[in-house]
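Have a go at each task before reading on.

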Amino acid sequence: MAQEDVFKKIVSHCKEYGFIFPSSEIYDGLAAVYDYGQNGVELKNNIKKYWWDSMVLLHENIVGIDSSIFMHPTIWKASGHVDAFNDPLIDNRDSKKRYRADNLIEDKIAKYDEKIQKEVDKAKKRFGDAFDEAKYRTTSPRVVEEQKKRDALHERYTKAMQGPDLKELKQIILDEGIVDPISGTKNWTDVRQFNLMFKTEVGSTADGASTIYLRPETAQGIFVNYLNVQKTGRMKLPFGIAQIGKAFRNEIVARQFIFRMREFEQMEMQFFVKPGTEKEWFERWKQIRMKWHQALGFGAENYRFHDHEKLAHYANAATDIEFLMPFGFKEVEGIHSRTDYDLKQHEKFSGHQIKYFDPETKESYTPYDIETSIGVDRMVLSVLCHSFCEENLENGETRTVLRIPPQLAPIKLAVMPLVKKDGLAEKAQDIVRNLRFHFTTKYDEKDSIGKRYRRQDAIGTPFCVTVDYDTLQDDSVTLRLRDTMEQKRVKIAELQSLIEDQVSITSLLKKLD
Ligand code: ATP
């Protein structure tokens, strides 16, 4: 099945099984805004806990905060967002659709890469074991030709983005013959800059209302609290401040479901270090964060680093952690060495000294900062995409199962009475009452047992327990496992110890130690 179709299935599965709904659906929705349903919110909370604990619990020198969404508007002047948080947009006059000019060009570069890769793959098949890929890439006339075109475009694009030079971006689109994917035409408008911040007003107009912004990232709330936390927590360098919270961006092209939303959630950690040690810490955080992702067991081959060639003006190193989604490798997390830029800017704009007094060297200086910034929603999407699975069973039936890591699954255990009568329902409810203190346990009595299993498979519940007539005699139940569908008889008293460790976030955290 084409990956596009798989993705469509995942999106409709999310709605059908209470993970993610389009926002304001009964009013026909609101573009690029989504709501989490009863299962989605549990999954999301588990991801947040995994991240939070991995930062705050496992690192003695990292503490958390929760800053507000509204902040003094000068913060966004200082951070550069008012002047430079722009995307270059372009419209197609025929389809009346709006695009990001940089994305159109990046897609074209990816097309060259694909074409080259196809040639290489074909040759690999032809030559078998004797194939020397490096040699082929430098000698095959067709590959060399395409690579030349690709590199020239890349160089021209990187230069154009530095200004950015909007005229040049349009010229590249024209010269490369890039057409609108809907209308198929090259009838483009000029490229314009578009600021991504949402504005609103505080105070009544009579009092003189002032414009403020919905924060486009949570990071600035950390920078402006640096001194508060450092002083009250008596923090010594290196130390980190973590935060989870909503961020808002008026994305020009919001697409791919919850991958690019206008309201989303970020988990950010700013790690303050002594100047000169930032490169070393940047490398360390790259490794720590990659380990966090890979501990979920989705396979190392599905992740890669994408180092930035073009660095933001405040960064001296940057990389993305990309995950293989059904629509290709995509950024899930950014790791940036942000130097002392943000603290210095806030010092300048606020007039307050923002420094660290080093008790060892007796010097005061502005710390450097390493940022790890990950989108909660993109994490939810990667978990769902990787877990979604349609299986053909031996009896000819198919089942849809979400193989969510048990530690992140919305419900850990479903308890089902075989029938509702003869005291079986009460027995099952007793089990729920005891186990719900330890992990999310739900009671389920509707439909046949087979249908109930399928329903739990579809939301990723790793364990089901069936209470039958024997249970009343010997206090044993049938424990059924989601992934293998294996069933075994166990004592009720054993359930907690059999399940708890496998579903707890602690078991994931232990893999990081
Ligand atoms: P992109 O290049 O995809 O627009 P970005 O580089 O602007 O992302 P950052 O500013 O580094 O993203 O934000 C950090 C993280 O926040 C991203 O890695 C991503 O997981 C998440 N994120 C950013 N924008 C969005 C969005 N519109 N919707 C959902 N998550 C987002």
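**Exercise 1.** In this predicted model, find the residue of β13 that is the bridge partner of E322, then describe how β12 and β13 pair.

*Solution.* 
- Start from E322: its bridge partner in β13 is E331.
- Next, place the strands: β12 covers residues 317-325 and β13 covers residues 328-339.
- Look at the direction and the count: β12 and β13 run antiparallel and are joined by nine bridges.

**Exercise 2.** Now for the helices: describe how α7 (residues 141-162) and α8 (residues 166-175) cross.

*Solution.* 
- Two packed helices are described by the angle and the distance between their axes.
- For α7 and α8, the axes come within 9 Å and the crossing is at roughly 155°.
- Angles over 145 degrees count as roughly antiparallel, and α7 and α8 are therefore roughly antiparallel to each other.
- The hand of the α7 and α8 crossing is left-handed.
- On the α7 side, the contact is made by L153, R156, Y157, A160 and M161; α8 contributes E168, L169, Q171, I172 and D175.
- Sorted by class, the contact of α7 with α8 has six nonpolar, three charged and one polar residue.

Definitions and conventions. Residues numbered from 1 in each chain as written. Predicted model: local features only at pLDDT ≥ 70, side-chain atom pairs only at ≥ 80, totals over all residues. Heavy atoms only, no water. Pairing = 2+ DSSP bridges. Helix = DSSP H or I, 4+ residues; strand = E, 2+ residues; numbered from the N terminus. Axes fitted to C-alpha atoms, helices over the stretch in contact; angles between N-to-C directions. Parallel < 35°, antiparallel > 145°, perpendicular 65-115°, else oblique. Left-handed = near helix turned anticlockwise from the far one by under 90°. Contact = heavy atoms within 4.5 Å. Nonpolar A, V, L, I, M, F, W, Y, C, P; charged D, E, K, R; others polar.
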